[in-house]
Amino acid sequence: MPRVEFLDLGRVVEAPVGATLLEVCDDHGLPMETACGGFAACNSCRVRVLSGVLSEVEDVEDPFLDDPGQRLGCQARVVGDVVVRLEPGG
Ligand code: FES
């Protein structure tokens, strides 16, 4: 399975292809905020991608992303090894 590193949390976990980063955090007890419950409406789950790739950006994410290096953890899905850090929006 791909490896997902949460650099700021000091954790590397294995995650199935197709899982959202929010699901990965839930599965491993990692503290990703989810004010809207994972419906691309709050920006609290935002991450910065430091290396690797995730699934294609969903249209619903666009309003929350300041630049192409950011993703919403509730929408971005694992496709391979990736390194991210939590970067919630205000
Ligand atoms: S959990 Fe609210 S936007 Fe992702």
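A search of the whole structure, which is a predicted model, turns up five salt bridges. Side chains of opposite charge can pair when their charged atoms come close. The views below look at some of these pairs and then at a leucine.

**View A. Arginine 46 pairs with aspartate 66 in a salt bridge.** Here the closest N and O atoms are 3.4 Å apart. The two residues sit in distant parts of the chain, 20 residues apart: arginine 46 belongs to strand S3 (residues 46-54), while aspartate 66 lies in the loop between S3 and strand S4 (70-72). Are the two partners buried or exposed? Arginine 46 counts as buried because its relative accessibility is 7%, under the 20% limit. Aspartate 66, in contrast, is exposed, with a relative accessible area of 61%.

**View B. Glutamate 87 and arginine 48 meet through their side chains.** This salt bridge has an N to O distance of 2.9 Å. It ties together distant parts of the chain, 39 residues apart: glutamate 87 is in the segment after strand S5 (78-86), and arginine 48 is in strand S3. Glutamate 87 is buried at 17% relative accessibility, and arginine 48 is buried too, at 18%.

**View C. Arginine 71 and glutamate 61 form a salt bridge.** Their side chains come together at 2.9 Å, N to O. Arginine 71 is part of strand S4 and glutamate 61 part of the loop between S3 and S4, so described as a link between distant parts of the chain, ten residues apart. How accessible is glutamate 61? Its relative accessible area is 0%, so glutamate 61 is buried. Arginine 71 is buried as well, at 5% relative accessibility.

**View D. Salt bridges with shared partners build one network.** Its members are Arg48, Asp67, Arg85 and Glu87.

**View E. Leucine 65 lies in the loop between S3 and S4.** Leucine 65 is buried, with a relative accessible area of 17%. Which residues does leucine 65 touch, leaving aside those up to four places away in sequence? They are Arg46, Val57, Gln70, Arg71 and Leu72.

Definitions and conventions
Residues numbered from 1 in each chain as written. Predicted model: local features only at pLDDT ≥ 70, side-chain atom pairs only at ≥ 80, totals over all residues. Heavy atoms only, no water. Salt bridge = Lys/Arg side-chain N within 4 Å of Asp/Glu carboxyl O. Helix = DSSP H or I, 4+ residues; strand = E, 2+ residues; numbered from the N terminus. Buried < 20%, exposed > 50% of the residue type's maximum accessible area, 1.4 Å probe, protein only. Contact = heavy atoms within 4.5 Å.
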